[in-house]
Amino acid sequence: MDFNKRLELVKRNTEEIIGEEELKKLLKESKKPVAYIGTATTGKPHIGYFLWALKVSDLLRAGFLVKILIADLHAALDNVSWNILEHRCNYYEKVIPELIKAIGVDSKDLEFVKGSEMQLNPEYMCDLLRMSSVVSVHDANKAAAEVVKLGENPKLAGLIYPLMQAVDEQYLKVDCQLGGTDQRKIMVLARENLPKIGYNPRIEIMTPLAPGLIGGKMSASDENTKIDLIDDEENVRKKINKAECIEGNPNNGIMFFLKHVIMVIKQDKKENFFIERNLKYGGNVSYSSYMEIERDFIEKKLHPLDLKIAIAKEINKLLKKIERKKLLKLAEKAYG
């Protein structure tokens, strides 16, 4: 694959890349660059995770080795009880490969790393303390604010969280970090402060945040905003049916998921998005691009209910590829 195609894949579906010139240099000079994404084992993974799973797929196709950090200690720092931490970790370790499998990614260059197995070694802890000596309380708090549940009386753990995420880049031996735009301040903190303890800054690749089904951010901790990866078909239909989707207005979670997940998968497979309608409402219609769908939706040629029915079908197709039964028992232990 040539340089331009690799760069296009890395940039696709991203909101921002800090260090784009460094990225270009990396792609020209390295046959096997290394990137990682960390996922704290907190709330139950939801369909918003498909957004970064697709980005992982792009990086793999662009010739990257991609590491998935199962960030169990980060979850503990973000107020997950130590008593259930291992159960949450077990769930994530099983569900993330299912997520990757569902979109058909070749996983030969995918590696899973459990945070606690790396972060408790003496060298890592020494560098974490060194990082704490160069980062102010103000900057740590600012970096953590959009990611950690700080509350009115923040725990010290919440300030350690972003420092660990910075040090992770060094100990995972990566060139790039992948995350959502809510991670931006932590990524900037890492770029600014890793050189102060003798390490190179990394390239930071950010995807947009998936809006919730009822507005706001799609959150693992709020059932009303999301569809779980283990929801059954009926639950998916009910949640999509209740989702905000005002006729003519494409700014909602439904259209976001269609644009950033469903149509990306469709286009990669050279498939169209199909909507079934009664003849009196215009009959069946097929779309080859998101822009065609958005145009018809804005012009009110496509009704929200028809769109919802079609999207629910597509989500259920994706979720059928996940082995739901084997995950349900793990989820019960992890989430009750």
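Student: In this predicted model, how many bridges pair S2 with strand S5?

Tutor: S2 covers residues 34-40, and S5 covers residues 176-180. One place to look is Tyr 36, which stands opposite Gln 177 in S5, and another is Ala 35, opposite Cys 176. The two strands run in the parallel sense, and the number of bridges is 2.

Student: Which hand does the crossover from S2 to S3 have?

Tutor: Between the two, the chain passes through helix H3, residues 49-61, which makes a β-α-β crossover, and its hand is right-handed.

Student: What is the bridge partner of Val 66 in S4?

Tutor: S3 is joined to strand S4, residues 110-114, and the two run parallel over 5 bridges. Within that pairing, the partner of Val 66 is Leu 110.

Student: How many residues of S2 and of S3 are buried?

Tutor: Both strands are mostly covered. For S2 the count is 6 of 7 residues. For S3 the count is 6 of 7.

Student: Why is S5 called largely enclosed?

Tutor: In a regular strand, side chains alternate between the two faces of the sheet. Here one side of S5 has Cys 176, Leu 178 and Gly 180, the other has Gln 177 and Gly 179, and both faces are covered. S5 is largely enclosed by the rest of the structure because its buried count is 5 of 5 residues.

Student: Through which helix does the chain cross from S5 to S6?

Tutor: S5 pairs with strand S6, residues 203-207, in the parallel sense over 5 bridges, and Gln 177 stands opposite Glu 204 there. The chain makes a right-handed β-α-β crossover from S5 to S6, and the helix on that path, residues 184-193, is H10.

Student: Over to the helices. Is Leu 9 buried or exposed?

Tutor: Leu 9 sits in helix H1, residues 3-11. Leaving out residues up to four places away in sequence, Leu 9 touches Met 1, Lys 55, Asp 58, Arg 61 and Ala 62. The relative accessible area of Leu 9 is 4%, and the cut-off is under 20%, so Leu 9 is buried.

Student: What separates the C-alpha atoms of Leu 9 and Arg 61?

Tutor: Arg 61 is one of the residues that Leu 9 touches. Along the chain they are 52 residues apart, but the C-alpha separation is 7.7 Å.

Student: What about Leu 85: buried or exposed?

Tutor: Leu 85 belongs to helix H5, residues 85-102. Beyond four places in sequence, Leu 85 touches Thr 41, Asp 72, Ala 75, Ala 76 and Val 80; Thr 41 is 44 residues away along the chain, with 7.7 Å between the C-alpha atoms. Since its relative accessibility is 7%, Leu 85 counts as buried.

Student: Which class does His 303 fall in, with a relative accessible area of 40%?

Tutor: His 303 lies in the loop between helix H13 (290-298) and helix H14 (304-319). Its C-alpha atom is 9.1 Å from that of Tyr 281, which is 22 residues apart along the chain. Buried needs under 20% and exposed needs over 50%, so His 303, at 40%, is partly exposed.

Student: Where does H12 bend?

Tutor: H12 has 16 residues, 253-268, and spans 22 Å from its first C-alpha to its last, close to the 22 Å expected. There is still a bend of about 35° in H12, and the residue is Lys 259.

Student: Which residue caps the N-terminal end of H12?

Tutor: H12 itself is mostly covered, with 13 of its 16 residues buried. At its N-terminal end, a side-chain oxygen lies 3.1 Å from the backbone nitrogen of Ile 254, and the capping residue that supplies this oxygen is Asn 252.

Student: And just after H12, what phi does Lys 270 take?

Tutor: Lys 270 comes just after the helix, which ends at residue 268. The phi of Lys 270 is positive, at about 55°.

Notes: Residues numbered from 1 in each chain as written. Predicted model: local features only at pLDDT ≥ 70, side-chain atom pairs only at ≥ 80, totals over all residues. Heavy atoms only, no water. Helix = DSSP H or I, 4+ residues; strand = E, 2+ residues; numbered from the N terminus. Expected span 1.5 Å × (residues − 1). Bend = angle between axes of the 7 residues up to and from the residue. Buried < 20%, exposed > 50% of the residue type's maximum accessible area, 1.4 Å probe, protein only. Polar contact = N/O pair within 3.5 Å; in protein donor to acceptor, adjacent residues only side chain to side chain. Contact = heavy atoms within 4.5 Å. Right-handed = clockwise from strand over helix to strand, strands pointing away. Pairing = 2+ DSSP bridges.
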